[in-house]
Every structure is written in C-alpha cells, then in structure tokens.
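Colleague: Can you put the model up and walk me through it? Start with how you assign the elements.

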Amino acid sequence: MKIGILGVGHLGGALAEGYANADMTSDVILSPRGRERSTLLRSTHGFEVAEDNVALVRACDVVIVSTRPDAVISSIQMLPWREGQVLISAADGITAGSLRSAVAPAEVVRSMPVLASALNQSAVPIYPENQMAIKALAPLGYVTSIKSEDAFSSVSALGAWFGWLFALAGSTADDLIEAGVDQQTARKVKADMMRAAGAMIADRPDRDPHDTLKNLATPGGITEVGLKTLKDANALEPWGAAMDAAMKKLQTLGRS
Ligand SMILES: NC(=O)c1ccc[n+]([C@@H]2O[C@H](COP(=O)([O-])OP(=O)(O)OC[C@H]3O[C@@H](n4cnc5c(N)ncnc54)[C@H](OP(=O)(O)O)[C@@H]3O)[C@@H](O)[C@H]2O)c1
C-alpha cells in the first residue's frame, strides 16, 4: 500500500518521521510543497518526493492531507481521485461531507494524529472506521475508531489538550528549577514522572482515573495536600473551559 503525505509541514513531517522509524520509507511519497522539509526528509531518510500533487494522488492508495484547515479543500480538489482510494484528513474541523465532495469517488476518513507520530506514540482517533486507513495509520501509534462524527469532533479537542500538557510540564519543571534543582535533572525527572502517569493510565483505559487517584493519595500525604490546594483554587475547572473553547473553535473551523 502506497501512502502519500500531502502537506509536509510540522505534522506532515512528524508523520514522515514515524514512517521512517517503522522502516516504511519506501511505502511513503511526500508532496513537494513544504519544499525545505520534504527535501530534508528525502536526504535524511530517502523518501520519494512527488513532482506535484497530481503525481502523488496517482501513485498512492491512501493520501493523508496535512495542510492547514483553510488550505485543505483547495489542496485536494481537482486531483485525479479514483474509486478504492482513501483520503485521510488530519486537518482540524473540516467535515467528512466537505472532504467527500472534494475527492469523490475516493473514500474519506478524518483523523487526529499529533506530533508524537514521529515517535510512533500518537493517539490516532479516526472517523469513520476504515480498514485501509487503520493499516496506514497504525504504525504512527494507537488508532481508535470513533462511532459518530459529532463524537469525533469532540475527541479532536484532545489534540489541543496534548499541547496544553507541555505547558503544565514546563511550569512544573520551572518550579523545580526555582527550588534549586538543576535544569537537566528537573526536566528529566518531570518527563519520567509524566511517562509514569501516562503508562498507568494507558495500561487501564477502562479504569476511571479518579479511582486510581484515590489509591495514590495517602491520607495526610503530599498528593492529598497538593490536590486540596488545586481544588481550593478551582484549578481543574479552567481545563474544562479550555476543552469547551477548543471544541467551539473546531466547529468554527469546520464552517469556514
Ligand atoms: N501541528 C500539529 O501538532 C497538528 C496536530 C494535529 C493536527 N494538525 C493539523 O495538521 C494540519 C497541518 O498543520 P501544521 O501545523 O503541520 O501546518 P504547517 O506546518 O503550516 O504545514 C502545512 C504544510 O502544507 C503545505 N501546503 C500548503 N498548501 C499545499 C498544497 N496545495 N499542496 C501541498 N502542500 C501544501 C505547506 O507548504 P508551504 O510551506 O510551501 O506553504 C506546509 O508545508 C492542520 O490542518 C492542522 O489542523 C496539526
């Protein structure tokens, strides 16, 4: 199966890195736009770079479009799409309906991989379920088919939540540095602790993290005292507000 990446920017580059790690360089063709990054990926990993988007679509069974939302439709329409082909959109907000009208008779799948694709560790929600899309995206991390487009749209806000975790990680490392821990140690131990929480949560996705937290918080201990401080400051509520803002923004992107 040949996979095309149309739009080799931050996300498209991360997808390509993920395919290179998975020894799939010869299965992937890059679009020429984003020339600097495509050229670098060709010289570093040996990816083929298509002459233009028409050649890319002709050569591929699955094409992942990772241009910016406002450029998605113009970058995929008027290309030689054919029956049996699958377009996977990684763009925030663009609905399956508008993608379908641009690439018929190809099938359409929406997805939300993040930059952790470069490490083959991305969450990859998709809608609707599609076996070719699952095969193409599985090397980048953990694919989950979402049952409805409305639910997919809400889940997509997690792509932004992934980014906010960097803000939390950064400010926690800063707190340690301010307390006198050297920068390298502060960043490493905080990263290891984040990985530890991620590993436990991912190991039991069926389990409510609130229940796990009850076991973590020894009565009278440091988890309990910190949690009380967070709750007294209503510190978790703005995270909900941020999710609401991201979900609303996704709807606006879909309409523009
Ligand atoms: N960045 C993330 O972490 C992330 C996460 C999840 C989803 N997304 C989604 O991924 C998409 C890309 O985001 P990004 O941050 O990677 O943006 P970006 O860095 O600006 O990359 C977009 C790339 O698309 C290229 N492009 C524009 N028009 C094109 C065309 N007609 N044909 C081929 N390539 C074209 C641009 O090339 P030029 O440089 O030549 O203009 C650029 O290299 C967005 O829709 C975003 O919603 C991003």
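Modeller: Helices (H or I, at least four residues) and strands (E, at least two) are DSSP runs, numbered from the N terminus. This is a predicted model, where local features need pLDDT of at least 70, side-chain atom pairs count only at pLDDT 80 or more, and totals for chains, interfaces and linings use all residues. Residues are numbered from 1 along each chain as its sequence is written.

Colleague: OK. Where does L115 lie?

Modeller: In the loop between strand 6 (107–111) and strand 7 (122–127).

Colleague: And what does L115 touch?

Modeller: Leaving out residues up to four places away in sequence, L115 touches H10, L11 and A14; contact means C-beta atoms, placed from the backbone, within 7 Å.

Colleague: Switching to the ligand. How many residues surround the ligand?

Modeller: 24, the closest being G7, G9, R33, G34 and A91. A residue counts if its C-beta atom, placed from the backbone, lies within 6 Å.

Colleague: Which helices supply at least two residues of that shell?

Modeller: Helix 1 (10–21) and helix 4 (69–76) each do.

Colleague: Last one: which residues of helix 8 meet helix 9?

Modeller: A169, T172, A173, L176 and I177 in helix 8, against Q183, A186, R187, K190 and M194 in helix 9.

Terms used: Contact = placed C-beta atoms within 7 Å.
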